[in-house]
Amino acid sequence: MPWELATGDAHLMTQYERFVDRVTSLSAHAAMLCVVLMVCHILTEIVLRNAFSKSTFVLEEFVGYATAAAAFFGLGAALRDGELIRVGLILEFLGPKMRRLIEGTCAFLGLSTVGFLVWFLTRTVLRSWERGTTSTSLLETPLWIPQLLVVLGLISFGLQMSVHLLQAITGRLPETADLTAQLRQQDT
């Protein structure tokens, strides 16, 4: 039996879910911006090389940073929208209690892993900041900047995973069959 939420607790959880949804949407928009910036940089590099025999000399470096940032910024939205790879086929055959247990356990383990990664990478960002570590490229990019983008993406993902955990605990998970039906509709 799912934990029953008092009216005030349900309202608080709804507010938390809305807050996390806003953070996740902002993070998804940041991922899209990273992709747009990558495309613009690549097109600029093509024009510079072909028309003027010039180069920015940092294309590979910046595209690498933007790829990492886009991937991590997009994780929360992928979880929210049911786009992460999941074993839905197995979940469909489980009863509601077992499904909640497995979903909750996976969300807890995932959230714990994300929490550890945020802690570890935040230490790395601070160390890069304190030491003034820069890339070896011509531009000498301060490495704390791309590292911080990864941490921010992981925080967004962790917040979304906490919502998933709370939904598992309270029995408010979307039905796997509903997710499967939504995916089938998207494919047609």
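Q: Where is Arg99 placed, and why does Arg99 count as buried?
A: Arg99 sits in helix H4. Helices here are DSSP runs of H or I with at least four residues, numbered from the N terminus. Buried means under 20% relative accessible area, exposed over 50%, partly exposed in between (1.4 Å probe, protein chains only). Arg99 has 8% relative accessibility, so Arg99 counts as buried. The model is predicted: local features need pLDDT of at least 70, side-chain atom pairs count only at pLDDT 80 or more, and totals for chains, interfaces and linings use all residues. Residues are numbered from 1 along each chain as its sequence is written, and side-chain values use heavy atoms, leaving out hydrogens and water.

Q: What separates the C-alpha atoms of Arg99 and Leu173?
A: 9.4 Å, for two residues 74 apart along the chain.

Q: Why is H4 called roughly antiparallel to H5?
A: The axes of H4 (residues 96-131) and H5 (residues 144-170) cross at roughly 160° and come within 8 Å. Angles over 145 degrees count as roughly antiparallel, under 35 as roughly parallel, 65 to 115 as roughly perpendicular and the rest as oblique. Therefore H4 is roughly antiparallel to H5.

Q: What span is expected for H2?
A: The rule is 1.5 Å times one less than the number of residues. H2 (residues 59-80) has 22 residues, with 32 Å expected; its first and last C-alpha atoms lie 32 Å apart, close to that value.

Q: Where does H2 bend?
A: At Gly74, by about 35°. The bend is the angle between axes fitted to the seven residues ending there and the seven starting there.

Technical notes:
Axes are lines fitted to C-alpha atoms, for helices over the stretch in contact, and angles run from 0 to 180 degrees between N-to-C directions. Helices (H or I, at least four residues) and strands (E, at least two) are DSSP runs, numbered from the N terminus.
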